[in-house]
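Hi everyone, thanks for coming. I'd like to walk you through one structure today, so please have a look at it with me.

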Amino acid sequence: MTKLTHRLAGYLESTAQLLRRYGRQDGKVLILGGVRSGKSRHAEELIASHPHVVYVAAGLPPTAEDPEWAARVAAHQARRPSSWRTVETSDLATVLRGASSPLIIDCLGTWLTRILDEVGAWEQRQGWERRLDDKLEDFLAAWASARVPVVAVSNEVGSGVVPATVSGRLFRDVLGTLNNRVAAESDRVLLVVAGRVIDLP
């Protein structure tokens, strides 16, 4: 490769990176971060320019038995514009395939917890691995084919210590793999740390 072609290749790659980073604000965006990092707030800011947004609450609905979780949900609800519509569901694939408005999915971590419960992973019920694979692959196919702007929030779980329990290690490993797969089909991947946003190339 000559110096000129090498320089040209470098310029084209830099341009492609800029286009991927800034040229498709309305594509598919994955936002990763730790607890209280500001990832959900940044997701809401990213999609706030759209007048009509569907907020997909993918975790378990709040109940009186868990007031701390109910308080978290209420805080999220209070931040949302009145024009946004909320859908509470674990069937993310169906929502993605039927979407005609921009979506925000918050979050893949709480969704995965719900799915692991639904397929019987915690009790190691017979066939749970196949049922889990089916649900994850269905979601990933729907994510890859999404035709509306969509922002998904997920927990970055790979930076802490190895969980002490089997269920904790299972959750960490499956979510880490899911984050990798979603990132591969996203136009932008952002990492939020202490309220600061890092655009991952």
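**A walk around helix α7**

Let's begin with helix α7, residues 166–184: its 19 residues reach 27 Å from the first C-alpha to the last, close to the 27 Å expected at 1.5 Å a residue. Before I go on, please keep in mind that this is a predicted model.

Which residues of α7 are buried? They are L170, F171, V174, L175, L178, N179 and V182. These residues cover an arc of only 155 degrees around the axis, so they sit on the same side of α7. And what do the buried residues of α7 pack against? Their partners are β1 (28–33), α5 (108–118), α6 (128–144) and β5 (150–155). If you turn to the face of α7 that points away from the buried side, you'll find the exposed residues V166, N180 and A184.

Now let's step back to the whole protein. We have seven helices and seven strands here, and along the sequence they come in the pattern α-β-α-β-α-β-α-β-α-α-β-α-β-β. Of the 201 residues, 38% are buried. If you take the contacts between residues at least 6 apart in sequence, 76% of them join residues at least 24 apart. The accessible surface comes to about 11,400 Å², and 55% of that belongs to carbon and sulfur atoms.

Next, the charges. Side chains of opposite charge can pair when their charged atoms come close. A search of the whole structure turns up seven salt bridges, and I've picked a few to show you.

R130 is exposed, with a relative accessible area of 51%, while D134 counts as partly exposed at 46%.

The side chains of R125 and E123 also meet in a salt bridge, at 3.5 Å from N to O.

Last stop, the surface: V193, I198 and L200 make a nonpolar patch of about 220 Å². I198 lies in strand β7, residues 196–200, and counts as partly exposed at 40% relative accessibility.

That's my tour, and I'm happy to take questions.

How values were computed
Residues numbered from 1 in each chain as written. Predicted model: local features only at pLDDT ≥ 70, side-chain atom pairs only at ≥ 80, totals over all residues. Heavy atoms only, no water. Patch = residues over 30% accessible without salt bridge, like charges linked within 9 Å, V, L, I, M, F, W, Y side chains within 5 Å. Areas by Shrake-Rupley, 256 points an atom, 1.4 Å probe, with all protein chains shown as cover. Salt bridge = Lys/Arg side-chain N within 4 Å of Asp/Glu carboxyl O. Helix = DSSP H or I, 4+ residues; strand = E, 2+ residues; numbered from the N terminus. Buried < 20%, exposed > 50% of the residue type's maximum accessible area, 1.4 Å probe, protein only. Expected span 1.5 Å × (residues − 1). Arc of directions from axis to C-beta. Contact = heavy atoms within 4.5 Å.
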